[in-house]
Amino acid sequence: MKKLLCFIATLAAVNVYAQLNEFGFTGGATLSNYKSKQGGNDESANSKAGFTAGVLANLVINKNLVFQPAVNWVQKGTKDEQTMQGVTAKASITTNHIELPLNLLYRNNGFFIGGGPSIAIGISGKLKVSDGSNKSDEKVKFGSSDNDDLKAFDFGINALTGYQFKSGFFIAVNYNLGISNLAAGSVSDDILKSRYAGIRMGYLLGGNNKK
């Protein structure tokens, strides 16, 4: 009898866990930029479009609160164009990151809003420069030495909001503000920080989707 009761309790616990937790995937677009400060002057170029994709889990705390860790591929970057003496020079940088946001969400009747910290690691990137007749295409070097372009580690703050349908489909927008100084090398007065806005669509598997 004790074994039977233990078995029933285990099944009940698994059933509750399955109802309260959801797992899903997302995909969407980003609009990003890098803001720099050199010699006391703030500078920024133009925002650059990219893409993002990832997986997430909704771990229910109570009726309205959800802890949502995720693993995302996020594309960031910036671009600029300047004309001097009749020559137009264009430059763009595209960087790819693995991002781990840890968001706490409030949900009510399908709507959700929240935020939390995020950690991102730069894994690849390209720097393109063109003056109309000459072009260069170089890989972005991640590291902290004078020979590197950007530091790989980026700590940020993430905020997001959206709506989840009863079917499990959802749409969300987020804004991520980088806090870490990404300027590589030993020049102490150079500051470079990332920021991006994203729009995502996704689908949640499992759990009770009737929020």
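**Buried charges and the cavity**

Tutor: Lys76 and Asp154 form a salt bridge, their closest N and O atoms lying 3.4 Å apart; the term denotes a side-chain nitrogen of Lys or Arg within 4 Å of a carboxyl oxygen of Asp or Glu. Because Lys76 belongs to strand S4 (residues 65–84) and Asp154 to strand S8 (residues 153–164), the pair ties together parts 78 residues apart in sequence. Strands here are DSSP runs of E of at least two residues, numbered from the N terminus. Lys76 is buried, at a relative accessible area of 3%, and Asp154 is likewise buried at 3%; buried means under 20% relative accessible area, computed with a 1.4 Å probe on protein chains only.

The model is predicted: local features need pLDDT of at least 70 and side-chain atom pairs pLDDT 80 or more, whereas totals for chains, interfaces and linings use all residues. Residues are numbered from 1 along each chain as its sequence is written, and side-chain values use heavy atoms, with hydrogens and water left out.

The whole structure holds two salt bridges. Arg107 pairs with Glu22, with 3.2 Å between the closest N and O atoms. This pair links distant parts of the chain, 85 residues apart: Arg107 is in strand S5 (residues 87–108) and Glu22 in strand S1 (residues 21–38). Arg107 is buried, at 5% relative accessible area, and Glu22 is buried at 0%.

The side chain of Lys48 instead makes a polar contact of 2.9 Å with that of Thr94. A polar contact is a pair of N or O atoms within 3.5 Å; within protein, one must be able to donate a hydrogen and the other to accept it, and residues adjacent in sequence count only if both atoms are side-chain atoms.

The volume of the largest cavity is about 230 Å³, meaning the space filled by probe spheres set on the points. Its lining comprises 22 residues, with Leu56, Gln68, Leu160, Phe170 and Arg200 nearest the centre; lining residues have an atom within 4 Å of a point. S5 gives the largest share of this lining, five residues.

Technical notes:
Helix = DSSP H or I, 4+ residues; strand = E, 2+ residues; numbered from the N terminus. Buried < 20%, exposed > 50% of the residue type's maximum accessible area, 1.4 Å probe, protein only. 1 Å grid on protein atoms, 1.4 Å probe; cavity = no way out; pocket = protein on both sides within 12 Å on 5 of 7 lines; lining within 4 Å.
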